[in-house]
Amino acid sequence: MSRRRLASRVYSLSCTDEQWETFRCLAAQRGVSISRYLVECALHGDPHAEPDPSPRLVLEETEQRALYEAVHQIAERTAAEAHSALLTRIRNALALLVELAMRDMAREGREAELRAVLTGLFGEHAAAATLERMREGRDTPPPAR
């Protein structure tokens with residue numbers, strides 16, 4: 001089996017003697033001719049070039065301090081509150097969100113969907129009682145402020 005040589009052309013390159021010496025050393029390190037080295041660099045980039053810096057994955061000192069302060073403030077607020085008081089506050093906030101979502105569903109004409117969800121979670125009796133309480137609350141005017 002014979003190897004066919006591809007036809008090559010000669011092109012000129014202008015560079016300083018120092019640059020040519022650098023190319024010669026780098027080509028020798030790779031075990032190729034200067035010409036082959038330059039063609040490979042032109043086609044695939046300089047193999048000795050520094051890689052692009054990766055995105056930074058750490059915070060600057062000021063960002064770290066700001067994050068620490070925010071977490072510290074949260075910890076102080078929650079530590080000052082008794083565990084049961086904190087749970088009560090969370091439970092009340094969640095109850096409000098659920099109540100608002102249920103009212104939105106009823107207002108949008110999705111009461112059958114709401115009933116199905118409540119039935120799946122709590123059973124038919126609790127679902128009916130919840131919807132009834134919600135309807136009663138809808139009929140009463142909001143408290144005066």
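Predicted model: local features only at pLDDT ≥ 70, side-chain atom pairs only at ≥ 80, totals over all residues.
Residues are numbered from 1 along each chain as its sequence is written, and side-chain values use heavy atoms, with hydrogens and water left out.

**View A. Helix H1 meets helix H2.** H1 covers residues 17-30 and H2 covers residues 34-44; helices here are DSSP runs (H or I, at least four residues), numbered from the N terminus. The two pack at an angle of about 90°, with their axes 8 Å apart. Those axes are lines fitted to C-alpha atoms over the stretch in contact, and angles run from 0 to 180 degrees between N-to-C directions. H1 and H2 are therefore roughly perpendicular to each other, a label that goes with angles of 65 to 115 degrees. On the H1 side, the contact (heavy atoms within 4.5 Å) is made by Trp20, Phe23, Arg24, Leu26, Ala27 and Arg30. H2 brings Ile34, Tyr37 and Leu38 to it. Sorted by class, that gives seven nonpolar, no polar and two charged residues; Ala, Val, Leu, Ile, Met, Phe, Trp, Tyr, Cys and Pro count as nonpolar, Asp, Glu, Lys and Arg as charged, and the others, Gly among them, as polar.

View B. Ile34, Tyr37 and Cys41 are the buried residues of H2, where buried means under 20% relative accessible area, exposed over 50%, and partly exposed in between (1.4 Å probe, protein chains only). They cover an arc of only 65° around the axis, which puts them on the same side of H2; the arc is taken from the directions from the helix axis to the C-beta atoms. What do the buried residues of H2 pack against? They pack against H1.

View C. Arg65 and Glu61 meet through their side chains in a salt bridge, 3.0 Å from N to O. The term needs a side-chain nitrogen of Lys or Arg within 4 Å of a carboxyl oxygen of Asp or Glu, and the structure holds 10 of these salt bridges. Both residues lie in H3 (residues 61-80), four residues apart, or about one turn of the helix. Arg65 and Glu61 are both exposed.

**View D. Glu99 and Arg103 in helix H4.** The closest N and O atoms of this salt bridge are 2.8 Å apart. Glu99 and Arg103 sit four residues apart in H4 (residues 83-107), so about one helical turn separates them. Glu99 is partly exposed at 26% relative accessibility, and Arg103 is partly exposed with a relative accessible area of 26%.

**View E. Glu124 pairs with Arg115.** Their side chains meet in a salt bridge at 3.0 Å, N to O. Glu124 is partly exposed, at 45% relative accessible area, and Arg115 is partly exposed too, at 28%. Elsewhere, salt bridges with shared partners tie Glu108, Arg110 and Glu113 into one network.

**View F. Thr130 in helix H6.** Thr130 belongs to H6, residues 124-139. With 17% relative accessibility, Thr130 counts as buried. Leaving aside residues up to four places away in sequence, Thr130 touches Met102 and Leu118.

Methods:
Parallel < 35°, antiparallel > 145°, perpendicular 65-115°, else oblique.
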